[in-house]
Each structure stands twice: as C-alpha cells, then as structure tokens.
Amino acid sequence: MANARDSDPNLGYLTKKETEVKLPRPTRVKNKTPAPIQITAEQILREARERQEAEIRPPKQKITDATELGDYRLRKRKEFEDLIRRVRWNKSVWVKYAKWEESQKDFSRARSVWERALEVDYRDHTLWLKYADFEMKNKFVNHARNVWDRATQLLPRVDQLWYKYIHMEEMLGNVAGARQIFERWMKWSPDQQGWLSYIKFELRYNEVERARLIFERFVDCHPKVSAWIRFAKFEMKNGEIARARNCYERAVDKLGDDEEAEELFVAFAEFEEKCKETERARCIYKYALDHIPKGRAEEIYKKFVAFEKQYGDREGIEDAIVGKRRFQYEDEVRKNPLNYDAWFDYIRLEESCGDKQRIEDVYERAIANIPPAQEKRYWQRYIYLWINYVLYEELDAQDVDRTRDVYSLCLKTIPHNKFSFAKIWLMAAQFEIRQLNIDRARRILGSAIGMAPKDKIFKKYIEIELQLGNIERCRKLYEKYLEWSPENCYAWSKFAELERSLAETERARALFELAIDQPALDMPELLWKAYIDFEISEAEYERTRALYERLLNRTKHLKVWISYAKFEASAMDEGLQEESDLRESDYEQKKKCLQRARAVFERALSYLRTSAPELKEERAMLLEEWLNMESSFGEVGDVDLVRAKLPKKLKKRRQIETEDGPAGYEEYIDYLFPEETQTTNLKILEAAYKWKKQKVASDDD
C-alpha cells in the first residue's frame, strides 16, 4: 500500500506518481547533416493517399416481399423515434424522418411528423416552408393552403412565407385568392418591396386603376422620397403627365424639408425637362437651391449647371456657375468661419454679381466672426473686411449714412485699450472731409488722439489743419504730439520747420534747443543735422560752429568730424557773393576756410591716433576725405601734406575662432601708418644692438 504522505485526497487511493503523465523523451538527433535523398511534403501526402485502405461499405439490401418491407419500415421508424427522443430539438432529424416517410409514400405519417416538428418550434419559418413544399410537391393543394394560412398567421413578419403563398395561388390561376392574400399582408404594413410586389402583380393583369390605389396607400404607409418618385414614374409611364406632376407637387409639399429632398427636386426637374417644360424645371432648381441647406445641395448644383449649359443662355449659365461657386464658399465658411480669405473670395464673387442685398448680407455675416483673442496679429486680416465694407458702401452703393454707421460700428468693435488701427481712424476722418463735414472729422481725429494716439494720426491731423491754414491748431497738435512722444525727433524737426516757414526764427531755435536737451531721443543724429542745417541756412556760422563743438562733446563719430570739416570748407560762400569782384579777397577767403577745415581734420586725426588707435579704418577714411578736400581747393590746397600721412594697405590672415575651437583662417585688410613704420624700424635696430652686445660678451667669456 502506498505511503499516506504520497496519497492525495482528490485522487482517492492513487498516488501522484501513479497518475503522472509520462511523456516520451525527445529524441536527440546526433547527425544533423542533410540526407542524400530529400523527401518533399507533396511526396509524403501522395504516398499516404496511395496506401489508404478502401472504405468499408455495408452490403446493399434487397427487399423481396411485404414482410421484409414491414420489418424494414418498423426498424427505421424505431431508429428515428429513438433518435428523436434523444435529440428532440434537432430539426434536421425531424426533416429526415418526414422525408423518409414521404419516400415510403406514407403521406399521413409524413404529415404527422411535420406537425410534431412544428410543436417543437413553430417559430422556425424554414420548417413551414419545407412542410408546405411537401404538400405542394405531392399536389395536396388544400393542405398546402392550410399550412400557408397557419404560417402567415403565426409569422406575419416573414415576407418569404407571403411570397411563396401568393406565388402558389398565382401558379394555380387563382388571381382573386392571390389578391386577397396581398390584402391580408398589406394590413401588416410591410416594407417597400412588399407594396411594390403587390403593384407589379396588379400590373401583370393590366389592373392600372387598382395599382394606382395601391400606390396611394403605399405613399401613406411609407412617406419617403423614393416612394413618391416611384409613384410619379408609374404615372409618367402610363402617359398621365398631369397626375405625375401632381404626385411631385404633393411630395414637395409633404417632404420639402426632408433630408432626401435633394433627390426629389432633381427627379421633379428632370421630369419637367422630359416634358419640354424648361422654365418649370429652372424654377424648380432655383426653388430647391433657395430652400435646401447648402451642405446637402451639392448634387443639385451639378444638375443645375448641366441644365443651364444645355438649355440656358449666357446669363443663365453664368448664374448657375455663380451658384455653384457660392455653394463652395458657403461650405468653406461653414467649416471654418474665421477663414477670412474665404470670406474675401465669397464677397468678391457677390460683388461681381451686383446684388446689393446679397453683398451686404455676406459682409454682415463676415464681420460677425470677430477674432477670438485680443491680439493685433489676429485682427490684421479681419480689419480689411471692415475696410472693404465701408469702401463698397461709399463708392459702389453710394449710401453715405450706412457708410457712417459702418465706420462707427467698426471703431466700437476694435479694443482700443489693447491696440488700435490708425488706418480706420484716418479713413473715417477723410470720409467726413469728403462729405464737407470738417467738425465731424475733427471729432473723430480728436477721439483717436485721446483713445489710441499714433504717429500716423498726429501727422495726418496736422497735415489737414495746415492745409486749412489753422496754424494755432497745428501748434497745439504738435504740443500734444510731443507730450505723447517727447523722444520723437521727427516731430521736433517738423515743428521747428513749421515755425521757420512762418519766419519765427527764434521760436524754431528755441524748439531745437528744447529738443537736443531731451534725455532720450530716437534718432538724435537727424535732429542735430536739422538744427545745424537750420543755422547754416540762416547764415549763423558762429552759432553753427558752437553747435558742432557741443555735438563733439557728446560724440566723436567720424561723420561728425567730416561734416564739421566740410562746413568749415564751405563757410565762405556768403563772403564770396559779397566780394566776388575782388580776386585777392577771394583767394584770402579760400585760404582761411581751408585753414579752418585743416584744423578740424588735424583735431580729428589727433583724437583717432591717441584716444582710439584701434579705429584704423576710420583714420584711413578721414585722410581720404581730407585728400579729396585739398584737391578740390586747387592751387590753394596742399595734397602732399595729406599724402605723407596716408597709410599702407596690408593683406593679412587671422585665425577664425568658434565655440568648438579654431576653424581656419580669413584674410583682412590692415593699415600701416607712417609713424608706426618708424617705431617698428627703431624696435628692430634696438633688438639687433642687444643681440650684438650679448654675442660680444659671450666671446669674451
């Protein structure tokens, strides 16, 4: 007996060792080289098929007398009954049993089997079909009718039962009976195919009026576009054009807003087209395009364009094509209302058509799509919708009041506390000026300065007042401009220029003084130049020199030195005009101017040599200007004086340094000035003397 420890309570008295499944050991292949003769899979299958043994079949039994037949039938029935007791739910067993009884010509027994099978599951319509087929095959017509009646009463939603029943009656020539069955079926409101079968049945026997009445019931039962189209086509086929048109009209009244309305309108228009009623067809297409949503009208647009190309004139074709493009734009703006380019294209299309109501409607819809964020970059494209709108109202529609309203609404829409558009303010003001309403224009520009001051607005406002001759208003505006932007050199220069044009020299000078004393300026070089040019134009040379000196205290830029020197060289012009007849005086004036200019160049050269020795290129440029000036003075000038100071140009190489280390060499121009050459020579002599001294000392040792 096995040890208690090895036993398992789940296994009874058996041990684990006795219940283990012993698998065969895997064979280890030692020789893995390929065999000399290779066997294919096809060869293995072929051999298996050839060596297969023949199927063993029972011997055929021949029945010779009634007794044997009775025994055979008894035995088979017993087998079937035993099988049914075991698998009563298996329908194939019942079918085989019934067919076997039928093969024995025992129809009552076969009928009994079918009835018993239906008791098991009467919901299986295949059993009813086979049962009825058995009755019909053996020409038991009344029995078959009985089966069909019961089947259609129990399973009225199975269309196949009705079809088979009707087909049987029709084959027997019982048309009235078939019609009665159809009527029974129609009470159950079958699908469209059932109704159409009934209609075809009536048409087979030329019962057109009956078919028409069935169609009426059909469209009541299935109020769909396809049903009405079939009804209308039926009337058209029978030559009843008025009735067909009536069908379409009733369908439009009932299903004009249906999702499949597009198909109905297309069929209606094609019907009218076949009847040579082109105007009716055109009206139907236009009515459909006005009532069907744009998203569902793609097919009808294509049909309309094709229709117009076939029957319409040039204007009609253009209208159809415009309608198709309109549909495309509607689809685009529906998908993305913030796509302003699509709105521009749509508006351009409507403007080309010239329908004022449509154009304004599209403009209103477009400007209603305000950008979601209050950032100027999102509004820059959107604002042009407003600009185009006001230009259309003013120039094309010539509606002044509406233009003014659009400007007002646009200015209210823009968030001026975040950003603004000077263009809109100026356009609104210029519009009022064109309407000779100066006060309204001033109010608009005043509001612009108060809410969103900008350079463009100040400049344009000042320009308008200057053209009107309101100098005091211009001065006030310049003051506001400079209060808002005191670092704006352009504003200071223009203000001073205005005062000078009014011969207010002292006011202009005072403005320039105020401007250059500002702590921060955006372009100080332009302001200083304007001040200097102002003093030169007034022939105030001493004041000009003082200005240049003040400027040099602030910056020692090369351009300032050159400008100063050129001024000194030309400061004799007025003197020459006064004493042009005296050659000696002319010569003296030139000499004095040249000396003053030379003094400036000398100061500049000295500064660049001592304070900014690294600016070699600037020194070279300064000397070039000096040389040009000396040559321009002719015999008074001394070119050799400057040539002695000109540097030599040397082409050198230097290493390019990058973040990753040296990256090759580049060539550059270096300048070697005469004083640097002497210093270099002295250094070489000093090094040679030192080397000689060391050599002599080593020889003595």
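This is a short tour of the predicted model, from the whole chain to two residues. Because the model is predicted, local features need pLDDT of at least 70 and side-chain atom pairs count only at pLDDT 80 or more, while totals for chains, interfaces and linings use all residues. Residues are numbered from 1 along each chain as its sequence is written, and side-chain values use heavy atoms, with hydrogens and water left out.

**Whole protein**

Show everything as a cartoon. The protein has 36 helices and two strands; these are DSSP runs numbered from the N terminus, helices being H or I with at least four residues and strands E with at least two. Of the 701 residues, 37% count as buried (buried is under 20% relative accessible area, exposed over 50%, partly exposed in between; 1.4 Å probe, protein chains only).

**E170**

Select residues 159-171, which form helix α8, and pick out E170 within them. E170 is buried, at a relative accessible area of 19%.

**N388**

Move to helix α21, residues 383-396, and select N388. N388 is partly exposed, with a relative accessible area of 28%. Show F344 and Y363, its contacts once neighbours within four places in sequence are set aside. Draw a C-alpha to C-alpha distance from N388 to Y363: the two are 8.9 Å apart in space and 25 residues apart in sequence.

How values were computed:
Contact means heavy atoms within 4.5 Å.
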